[in-house]
Amino acid sequence: MAARNDIKLDDKRSQILAAAEAIISIKGLENTKISDIAQQAGIADSLIYQYFRGKEDLMFSTADARMGEVLRLVNEHLQGIIDARSRISKLIWFHLHHHDTHRGYAGILLFECRSSPNFYKTDAYTKVQHYAALFSDTIEAGINEGLFRSDLDVRLVRDIILGTLDAETISCLGSREIEESVPDLEDIVSLINIMLSKKPEATFDKSDRILLAAEEVFAEKGFAKAKVIDIAKAAHVSEGTVYEYYETKKGLLLSMACNRLKERMDRLSEEFENEHPVQELRTLMRWYFSSLLKDRGFLKIFLLDLQLKKDFYSSCAYRYFKKYISSIENVITRGVARDYFRADVNPRVFRNMVIGAFNHCALRWFIFGFDSKIDKMTEIEDLIDLLSFAVIKN
């Protein structure tokens with residue numbers, strides 16, 4: 001009979017894995033010795049090396065076994081849940097509940113495994129990817145069913161959700177702001193549901209439609225090869241209608257550019273004023289994302305060696321970092337008081353969402369390489385739009 005892919009593999013191996021999880025979750029990998037694990041398991045040190053190459057391999061094997069069990073359990077919990085919105089809620093609840101009830105494993109996975117570059121080459125990480133795919137597939141299904149917005153970037157929304165869940169675990173096990181994360185379920189699901197909801201259909205007059213179509217056609221074909229008839233077709237108007245608004249193709253090009261630049265300059269001036277809570281929030285998020293991206297070396301250290309290490313949360317560095325995350329909470333609180341943000345938004349949960357979402361995106365960029373075809377600035381702006389949309393009162 002094949003061994004089940006959980007902690008119960010064979011008696012000796014099972015004993016070693018359980019002992020490793022117990023010891024590493026308390027001491028951390030760096031301070032754990034093979035002899036500590038052997039003593040906990042009640043076996044000789046040498047027996048461990050019959051199964052594992054060393055303590056890091058043992059830790060990754062523990063995560064692999066646990067992740068196998070997680071995948072089995074979460075699929076059981078999802079049985080019979082057809083609706084994509086309900087599946088997302090169930091997945092979020094499962095994650096929070098599992099980490100609350102398996103704190104040793106949660107701490108090892110987040111603070112020990114995820115901070116190690118070697119982890120991303122293991123079978124355990126492959127299982128983590130399968131787990132993340134449950135979220136991606138559910139979001140995709142919701143879009144296909146017409147429940148969620150059709151313009152969603154599935155990968156980006158998945159990173160927001162998983163990043164938020166990571167930040168919740170950090171709040172429990174790292175900074176210890178909260179005792180458990182399940183009580184935050186409703187606040188998290190509320191933000192996510194708003195983010196996934198369909199936007200009200202935008203209404204454009206003919207002039208707007210022509211400008212949008214012109215931008216699309218010019219981008220695809222270039223100004224020289226673009227024809228007014230192409231723009232008219234894209235705008236769903238007649239060619240004559242285009243000329244009613246714009247006498248020449250060049251005039252259309254300049255009008256389109258003028259509108260775009262004005263929009264950007266207006267937004268820029270608003271960002272520097274920082275008087276409106278919505279703009280202040282967007283500025284805070286953009287500043288955080290862009291300031292870290294400017295120094296990739298520090299970003300990598302921050303992602304792997306600071307935020308995913310427990311010692312960070314008792315250091316003076318964390319006190320400075322907390323000033324930033326407090327500023328997000330403060331602007332949410334002020335925005336709620338001034339009736340710009342929804343009254344049911346939990347400021348702490350939302351700032352966890354902001355930090356966690358960026359961490360997941362940035363980590364993915366590191367894994368696939370900064371020189372890949374991923375448009376990072378576009379992802380950041382999309383991320384800011386989604387996060388803002390989740391809190392703004394409509």
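Select Ser-171 first: at 1% relative accessibility, this residue counts as buried (buried means under 20% relative accessible area, exposed over 50% and partly exposed in between, with a 1.4 Å probe and protein chains only). The model is a predicted one, in which local features need pLDDT of at least 70 and side-chain atom pairs count only at pLDDT 80 or more, while totals for chains, interfaces and linings use all residues. Residues are numbered from 1 along each chain as its sequence is written, and side-chain values use heavy atoms, with hydrogens and water left out.

Colour helix α8, residues 154-173, to see the element that holds Ser-171; helices (H or I, at least four residues) and strands (E, at least two) are DSSP runs numbered from the N terminus. Then show Arg-176, Glu-177, Ile-178, Arg-351 and Asn-352, which are in contact with Ser-171 when its neighbours within four places in sequence are left aside. Contact means heavy atoms within 4.5 Å.

Next, the cysteines. Select Cys-172, which counts as buried because its relative accessibility is 4%. Its sulfur is 19 Å from the closest cysteine sulfur, in Cys-113, and that is too far for a bond. A search of the whole structure finds zero disulfides, a disulfide being a pair of cysteine sulfur atoms within 2.5 Å. Cys-316, at 44% relative accessibility, counts as partly exposed.

Now select Ile-92, Phe-119, Phe-289, Phe-350 and Leu-387. In the largest nonpolar core, of 110 residues, these five touch the most other members. A nonpolar core is a set of buried Ala, Val, Leu, Ile, Met, Phe, Trp, Tyr and Cys residues joined through side-chain atoms within 4.5 Å. Helix α17 (residues 347-368) gives this core its largest share, eleven residues. Centre on Phe-119: not counting residues up to four places away in sequence, its contacts include Phe-60, Ala-63, Leu-109, Cys-113 and Tyr-125. For another core, apart from the largest one, select Ile-210, Leu-211, Ala-214 and Phe-218, which are among its 16 residues.

Finally, zoom out to the whole protein. Its secondary structure comes to 18 helices and zero strands. The C-alpha atoms fill a box of roughly 90 × 50 × 40 Å along the principal axes. Of the 394 residues, 50% count as buried. Among contacts between residues at least 6 apart in sequence, 72% join residues at least 24 apart. The protein exposes about 19,800 Å², of which carbon and sulfur atoms supply 52%; accessible areas come from the Shrake-Rupley method with a 1.4 Å probe, and for residues only the protein chains shown count as cover.
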